[in-house]
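This report describes strand pairing, helix packing and aromatic contacts in a single structure.

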Amino acid sequence: MTGAETEDDIPLGERKTVTDFCYLLDKSKQLFNGLRDLPQYGHKQWQSYFGRTFDVYTKLWKFQQQHRQVLDSRYGLKRWQIGEVASKIGQLYYHYYLRTSETSYLNEAFSFYSAIRQRSYYFQVNKEDRPELVVKKLRYYARYIVVCLLLNKMDLVKVLVKELSEEIEDYTQRFNTEDQLEWNLVLQEVAAFVEADPVMVLNDNNAVVVTSNRLEEGSVPPLEQGMVVGQLVLADALIIGNSNNQVKFSELTIDMFRMLQALEREPVNLATQTSKQGALEPNEKPAKRENPHKYLLYKPTFSQLFTFLSASFKELPANSVLLVYLSATGVFPTGRSDYEGPYDFGGVLTNTNRDVVNGETVQKKNQAQKEMHCLHPGDLFPFTRKPLFVIVDSSNSTAYKNFTNLFGQPLVCLLSPTVYPKSVQDQSQRGSLFTLFLYCPLLAFFSVCGLSRVRRGLWERAQEFLLKVYHDIGQMITRSRTIDQAFLQFFGDEFLRLLLIRFVFCSAALRLHKLFRESRSFPESYPELPKQDTVESSVLQKHVLELAAMLDVQSLFWEDSLEAY
């Protein structure tokens, strides 16, 4: 309201507009704040609440668009307030993606975040003497960067990081705040994250080409006619990151970031599928869920990990698979026991910070006791009552070779090397080589050959060649007469098929590479794969050498497979 104008001077209709807007704004904030109280696990409990929240934000967004003039003059609506509503909608879409694993919602989050920047909604914030408003702007930038990273918009990420750096500098100069170090750490983390890929693909103008590694049409070898494989479908995945000193950003380690993309299809832009402009329609998701549902757990305690495992197990549909991916520091057994059971080989680290008993962190009393802050192979035994696919990337991955299939359900564990040559180990902060092979075998192959840049034409030729190799590996697996049936039962699912094929390629490539001399430097699996039919197949070895010749790195590999052993 302006000057001496009283409420009575404002036309009734305009007064009602302001009242309705205030009601919608309060209601939206109330519902948004309530989201953090929802359980993080379980598929059903949160959906109706999310639906109501989307509904109110849809009304609020349309309302401010329709009544902008009245709200400007009578309410004093500021542009940063519109930006704040748009930012909340972007967050809603992002969290909807996290809950559903539908990559289409990432595009929706991106469109709202992008509009905020294009329309300069937060531009005036820097002129106001209110540090809390500037922090809103900085948080918006951090969230926008996460979405861009997930959509592989690396050029834009670099621009946003530069803008964020300038905003942080301006913020810390104007306000003497205590969070300066925290914001500088955010900058360092995202810069390291962007630089984590070991290989740059360059076009003719020497510009970096961004390659996507999500599942695309035609990237998975089709099943041959008459091939007998299981009908199981990957429904749920737990992606756990607890590797010390690994590059991370926003509670995502680089290994987690890579694995979550390996379990997703290329996103489809919902805006191209629906004619409703500006509407928020999370209920209009694709007819069937294309991606397995995922939980992303960064440095979980044992309690948290077990809770999420139990929730996934409980809600796993019939004929479905639960995948558990562990990228974590190894925990090794300290004492020797007469009986070697599933708790005698150590496992991988769980977070100790928040598991407190009787007010203090419990220490082991003696060597005979088992490590408490560790996921032992035996901890997974109860979950083998349903089909379970485990990937362990750790210095103690081989602890999970000591599995027993107690219930006769399909069970496979893919296990990383436990020792790497020094040149590879030095790169471990930028992500594990094993996970890199499962995410993008060509990127890993270039990396292990010491190639840091490659021309786009060569990259595309090598990718095309790899598709043929994948086809041959698929045939090796399905035609082997000695392979464990568990591998075939998982082979019907496209995501698991590709992971198994990439695992075999990784094993074959490292076996022929001259730097990898110890058996501990090769991946392993439970049950064991028949080596002669797969990872040591002469056909596959020939393919690895052909790829090496294509990249002019033959000298790094044993020409004759007999030399390698």
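## The six-stranded sheet

An open sheet of six strands runs in the order β5-β2-β6-β10-β11-β13, and its pairing is mixed. Its edge strands are β5 (293–298) and β13 (524–526), each of which pairs on one side only. On average, neighbouring strands of this sheet are turned by 10° against each other, direction ignored. Strands (E, at least two residues) and helices (H or I, at least four) are DSSP runs numbered from the N terminus; two strands pair if DSSP finds at least two bridges between them.

The model is predicted: local features need pLDDT of at least 70 and side-chain atom pairs count only at pLDDT 80 or more, whereas totals for chains, interfaces and linings use all residues. Residues are numbered from 1 along each chain as its sequence is written, and side-chain values use heavy atoms, with hydrogens and water left out.

## Strand β10 and its neighbours

Strand β6 (residues 320–328) pairs with β10 in the parallel sense over six bridges, and S327 has D393 in β10 as its bridge partner. Five bridges join β10 to strand β11 (residues 411–415), also in the parallel sense. Here I391 has L414 in β11 as its bridge partner, and L388 stands opposite L411.

Six of the six residues of β10 (residues 388–393) are buried, so this strand is largely enclosed by the rest of the structure. Buried means under 20% relative accessible area, exposed over 50%, and partly exposed in between, with a 1.4 Å probe and protein chains only. In a regular strand the side chains alternate between the two faces of the sheet. Both faces of β10 are covered, with L388, V390 and V392 buried on one side and F389, I391 and D393 buried on the other.

## A helix across the sheet

Helix α10 (residues 302–315) lies across β2 (233–242), β5 and β6, and runs at about 175° to β2. Axes are lines fitted to C-alpha atoms, for helices over the stretch in contact, and angles run from 0 to 180 degrees between N-to-C directions. Contact means heavy atoms within 4.5 Å.

## Packing of α4 and α6

The axes of helix α4 (residues 79–100) and helix α6 (residues 131–150) come within 11 Å and cross at roughly 35°. W80, E84, S87, Q91, Y94 and Y97 of α4 meet L133, K136, Y140, R143, V146, V147 and L150 of α6. The residues of this contact divide into eight nonpolar, two polar and three charged. Ala, Val, Leu, Ile, Met, Phe, Trp, Tyr, Cys and Pro count as nonpolar, Asp, Glu, Lys and Arg as charged, and the others, Gly among them, as polar.

## Aromatic pairs

The structure holds 34 aromatic pairs. Rings of Phe, Tyr and Trp (its six-membered ring) pair if their centres lie within 6.5 Å; planes under 30 degrees apart count as stacked, over 60 as edge-to-face and the rest as tilted. The rings of Y94 and Y97 have centres 6.2 Å apart and planes at 35°, so this pair is tilted. Y94 and Y97 are three residues apart in α4 and are thus separated by about one helical turn. Y94 is buried, with a relative accessible area of 16%, and Y97 is buried at 2%.

The rings of F434 and F503 have centres 6.1 Å apart and planes at 90°, so their pair is edge-to-face. F434 lies in helix α13 (residues 433–439) and F503 in helix α17 (residues 494–512), so the pair ties together parts that are 69 residues apart in sequence. Both F434 and F503 are buried.
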